[in-house]
There are 2 protein chains.
Amino acid sequence: MANARDVAQLAGVSVSTVSRALAQGQHVSADTRERVSAAAARLGYRPNPTARGLRMGRTQTLGLLVPDLENPYFASVTKGVQARARAAGYGLFVADSEEDAPTEPELVREFAQRVDGVLLASPRSDDETLLRAVEGIPAVLVSRDVEGLASVAVDDADGSAQALGHLHALGHRRVGVAAGPGNSWSGGRRVDGLRAAAEQLDGVTLAELGSFPPYFSGGFAAADHAVAAGVTAVVAFNDLMALGILDRLRGRGVRVPEDVSVVGFDDVPVATLVSPALTTVHVPRAGLGRRAVDLLVAALDPARHPEPPAHHRLPVEIVVRGSTGVPGRPDHRTSTP
Amino acid sequence: MANARDVAQLAGVSVSTVSRALAQGQHVSADTRERVSAAAARLGYRPNPTARGLRMGRTQTLGLLVPDLENPYFASVTKGVQARARAAGYGLFVADSEEDAPTEPELVREFAQRVDGVLLASPRSDDETLLRAVEGIPAVLVSRDVEGLASVAVDDADGSAQALGHLHALGHRRVGVAAGPGNSWSGGRRVDGLRAAAEQLDGVTLAELGSFPPYFSGGFAAADHAVAAGVTAVVAFNDLMALGILDRLRGRGVRVPEDVSVVGFDDVPVATLVSPALTTVHVPRAGLGRRAVDLLVAALDPARHPEPPAHHRLPVEIVVRGSTGVPGRPDHRTSTP
DNA sequence: AGGATGACCGCAATCGATTCCATCAATTGC
DNA sequence: GCAATTGATGGAATCGATTGCGGTCATCCT
């Protein structure tokens, strides 16, 4: 691999001139810049990022920490982050905490000296832990807020309001809530949003079915609670759980949406692959990633005067598909002849 | 952030001693090593990876290139790679080519100076391009072979044989093949495997339905071809396509598996989330990633004498679920009264 | 007791780029 | 025509760690 000295030699100049010619192009005559560029091109020269990183104190790399790369939610966030980072001239380090909160601070520390800034998607850790973890490192939180840190999230409460409004418009009055893990930040916001929306809507009562694992399997238990509670509709914490509810209801002979309507959250790709397709609140997951990168890159710009960390909100919107409809008979457990 | 000089100062030794004490522990008295370690711990010292990388010519970083991070297949590969890389003491750079083959060599070149080796998942590029792209960089291919490069893939042909064997055992004799893109390496192997297996099995004929996009949407077109061809079973190039076939068949009133059986390939998580659950050939995707890392890390070990690049094979096995059954009446287009 | 051996440790070079500073030439102004 | 200014360029320091080399001891052997 050619280095700056090789280029200098070929162009008949010094290494300093090579650096200047290729970097800003200032303080170098047009003629020499031409010669240097030609030499660099001929040798296929690329400045060594490690050396440059050492000297400049910036690695042109961002770090992304997610709890699970296989989870379609974070896969999309990662995709958005990767694309935007590359577009902004940054490489991307990725780490997967495997849903294990305690290792997250350690992963961030490992990042610390290799990246210029960190993007953190950590739904479960508590605020204190996160604040300490990113101490001294430019960071942006994804899909959650922590006081004192910049963040990008969606308007969960509004999504809940849209979901409940949709069900109310269809005529549902008794709606089950299948909440996610108690320590999930956006989970809390989604439930709060449902409660607030229920107060605004005429005659709607919420049946809080409990907390369930945010996966397909969690939906099974939630479905049984929903049936027991006699609701005509269920709002799930996320799509995977909603899919589990769908499957369990079908298994029990409860028809969707005739007997029970189901609404998910996130609009992950699989929501359209099932039948009936899932009505859900669309969350711009890749958009979250892109915006987070924009914020981080702006904060990294040395020409920028530092702004106080802000909490950014991206809009969501409900996508109505086949899993919601007008409510049927209250006692859907009686089978049709 | 503390550096080696700070530690040296606190421990009352020189930087060289700090380095030696913390690195091999050789050529340093036990007493000094103790003092240095204590000082390092007190300052929270971590050797700067950039500086070390410059000096040693190794960054302790691997690069992973995939065509689409959102595709559950590559999401799983990425997860496996990340976990194993971290376990082996390497960081992970990730790049997404967005299914655009021409940018892949460029991405590899961007990696070249930042990573010690590259993991390449590129189903579509041609051999020449890949060979040139990784010239001079330690590399391992994932899910495809190229002569002259190390690779890890699964036994696609055996998977095909298992799939067809399963259908044959159920009594199917006329089986549709919904192939993937023509330039997909494993796609070619899967079709070849089906042809070879068909020759071995009694009375099985293959109806090659054509090439389709490897997504849900591609399955729609394939399903219509399958119905037109009057087959009792279809093997799809991958699970997403199989899911599309399932959905389209249902839409047309064709029952699965009573009228037509469907077999997928890969066993991505969503295969179990639909109803009927998809019978499919399980591919150890994360395992591919882990094994690829093992190979690459071994090749990077300077103590190792270089071995010729080998093509590794991981086993697959069919997972029978609800989408396959004994064949029904040949003319399933006639509706039941 | 004196020299050889070896353990331990510090000095300084090194990796490859960036950047400050000094130098030199050329241009401009008076 | 001479001084001052501007612009182009090279030399050398720098980032933070690793490592070859050499110096300084203590120890051991004869």
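Predicted model: local features only at pLDDT ≥ 70, side-chain atom pairs only at ≥ 80, totals over all residues.
Strands here are DSSP runs (E, at least two residues; helices are H or I, at least four), numbered from the N terminus, and two strands pair if DSSP finds at least two bridges between them.

I noted the parallel strands β8 (residues 233-236) and β9 (residues 261-266) of chain A, joined by 3 bridges. A:Ala233 has A:Ser261 in β9(A) as its bridge partner.

I then turned to the rings and counted 7 aromatic pairs over all chains. Rings of Phe, Tyr and Trp (its six-membered ring) pair if their centres lie within 6.5 Å; planes under 30 degrees apart are stacked, over 60 edge-to-face, the rest tilted.

I looked up B:Phe93 and B:Phe111, an edge-to-face pair at 6.0 Å centre to centre and 75 degrees between the planes. B:Phe93 lies in strand β2 (residues 91-96) and B:Phe111 in helix α6 (residues 103-112) of chain B, so the pair ties together parts 18 residues apart in sequence. B:Phe93 is buried at 4% relative accessible area (buried is under 20%, exposed over 50%, partly exposed in between; 1.4 Å probe, protein chains only). B:Phe111 is also buried, at 4%. Ring pairs link A:Phe93, A:Phe111, B:Phe93 and B:Phe111 into a cluster.

Residues are numbered from 1 along each chain as its sequence is written, with chains lettered from A and ligands numbered from 1 in the order written. Local features need pLDDT of at least 70 and side-chain atom pairs 80 or more, while totals for chains, interfaces and linings use all residues; side-chain values use heavy atoms, without hydrogens and water.
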